[in-house]
Amino acid sequence: MTTRTSGSRPPATVLVGGAGAIPLGVDVARTALAQARARGFVTHQTNQPSTLELTPQVAELADFSWAVDFADPEESAAWARRQYAEGQRFDVVIGVREYAQVATAEIAAAVGAPGNPPEAVRTVRTKDRCRAALAAAGLPQPAFRVCADRAEAESFVAATSGPWVVKPRDAMGSEGVREVGGPGDLDAAIAALPAPAAGAPRPPFLVEEFVEGDEFSVEGVFLGGAPHVLAVTRKRLVNPPLFVEAGHVLPAPLPEDVRALLERETVRALRALGLRFGVFHVELWHTAGGVVLGEVHVRNGGDWIHTLLGYAIPGLELFGLVYDDALGRLDGPPPAPSRAAAVRFLVPPPGVVERVEGWEAIRRHPSVLRAELSVEPGARVLPVTDSHGRAGEIVVGAETPERAESLAEELAESVKFVMVEG
């Protein structure tokens, strides 16, 4: 099988898992498909039937849409093999959703397209497997344990240094992630984990030592099978015991030696895990003792990081790099960021929204790249426990990281949520 096109047919791509029915997911999927179409690709997407119906904006940019459940990698691979047997060739197989990454790797392997080894993707999709693999490669990791119940979690807490973090093994968006200061906090943290399916037992969960340090993520793309860093992002979090992200700035304002260290450790981790294709988003901490790797993702960063990248590196087409590289069309790596961008998420107090003041001024601000509210008058706002509970975002562009970050904060503080109890 070959991944290069002949002169007799246009290249083809499949976006595995399409988009979830949220604005961020739709925007990323549309960006990936639009950049493929601009390069002459025939575009396909797969998704669960119900979500296909909810995302017509994505279907507009896909020449073909297929009802295939990305949550079942075997079903996805079987569909791809049928397509191949009928003469369909996919030159690029890509996925922008976290839960579609195993299916993406399986489809690429099934049709002989470039991709990441499926077993490597399964490793990074399961937090404890990824931690074990990174530790085996000599990359610092916090102590952790997979726990079946509270008794095992309490045993781990008693034998290690706190504080600790309780989290699911394979969720995303900070869902079910809680800081634990001691055994007395375990019940609440375990109760906050994602609920099991009806009638099913609670799946094992992860307890690990809390890492004290500044948190960053590294964004990049694989070119010629090797990781190429595009930028480092600095994160801002909601106050513990939650770990919901409140904002980002890209590129992170860092001393050159620290930036180089973060990039170097990220590349080490990606190579140790056997990853080689697509885009990546790697979370990590810079601590007093050095770099500690967090989660590794073979997809773009969420939280509008793809928009921050596109502004900070003028002319950058993130997914276009993947297409061009796969077809041997890439002239060279993209430049480093020459501008900066930031996003700040809105987290109003709990209650019922009576009105929102100052929003129209935000939308008119010349430096705002994107602004969206996800609540309206009459909506009930609950305490934020994961990324889905945030009330909106403001994305800004500026000449420097410092200015982008301060402007995003200033604009976010200018929005007033007038709440009533109820």
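User: Which classes of residue make up the lining of the second largest pocket?

Analyst: Start with the idea: rolling a probe the size of a water molecule over the atoms shows where empty space is left. Here, on a 1 Å grid over the protein atoms alone, a pocket is an open set of points with protein on both sides within 12 Å along at least five of seven lines, while a cavity is a set where a 1.4 Å probe fits but cannot get out; lining residues have an atom within 4 Å of a point. Ala, Val, Leu, Ile, Met, Phe, Trp, Tyr, Cys and Pro count as nonpolar, Asp, Glu, Lys and Arg as charged, and the others, Gly among them, as polar. In this pocket the lining has 11 nonpolar, 1 polar and 4 charged residues. This is a predicted model, with local features kept at pLDDT of at least 70 and side-chain atom pairs at 80 or more, whereas totals for chains, interfaces and linings use all residues. Residues are numbered from 1 along each chain as its sequence is written, and side-chain values use heavy atoms, leaving out hydrogens and water.

User: How much space lies in the second largest pocket, and which residues are closest to its centre?

Analyst: A volume is the space filled by probe spheres set on the points, which are joined across faces, edges and corners. That gives about 240 Å³ for the second largest pocket. It has 16 lining residues, and R344, F345, L346, V347 and E409 are the closest to its centre. Two or more lining residues come from each of β10 (226–237), β14 (340–345) and α14 (401–414); α14 gives the most, with 3. Those labels are DSSP runs, numbered from the N terminus: helices are H or I of at least four residues, strands E of at least two.

User: What classes line the second largest cavity?

Analyst: That cavity has 5 nonpolar, 2 polar and 7 charged lining residues. About 110 Å³ of space lies in it, with V124, K127, C130, E295 and V296 nearest the centre among 14 lining residues. The largest share, 4 residues, comes from β13.

User: Which residues have the most contacts inside the largest nonpolar core?

Analyst: In soluble globular proteins, nonpolar side chains tend to be buried together. A nonpolar core is a set of buried Ala, Val, Leu, Ile, Met, Phe, Trp, Tyr and Cys residues joined through side-chain atoms within 4.5 Å. The largest one has 42 residues, and V92, L230, L309, F319 and Y323 have the most contacts inside it. α1 gives the most to this core, with 7 residues. Apart from it lies another core of 28 residues, including V102, L139, V291 and L293.

User: What is V92 in contact with, leaving aside its neighbours within four places in sequence?

Analyst: Contact means heavy atoms within 4.5 Å. The partners of V92 beyond those neighbours are A12, T13, V14, F41, F277, V322, Y323 and A326.

User: Is α12 mostly covered or mostly open, and how many of its residues are buried?

Analyst: α12 is mostly covered, with 8 of its 9 residues buried, among them F319, V322 and Y323. After α12 comes G328, whose phi is positive, near 70°.

User: Where does L316 lie?

Analyst: L316 lies in the loop between α11 and α12. It counts as buried because its relative accessible area is 13%. Beyond its neighbours within four places in sequence, L316 is in contact with L230, L309, L321 and P334.

User: Last, where does pLDDT stay under 50?

Analyst: pLDDT is the predictor's confidence in each residue, from 0 to 100. It stays under 50 over residues 1–6. The chain mean is 94, and 97% of the residues reach 70 or more.

Methods: Buried < 20%, exposed > 50% of the residue type's maximum accessible area, 1.4 Å probe, protein only.
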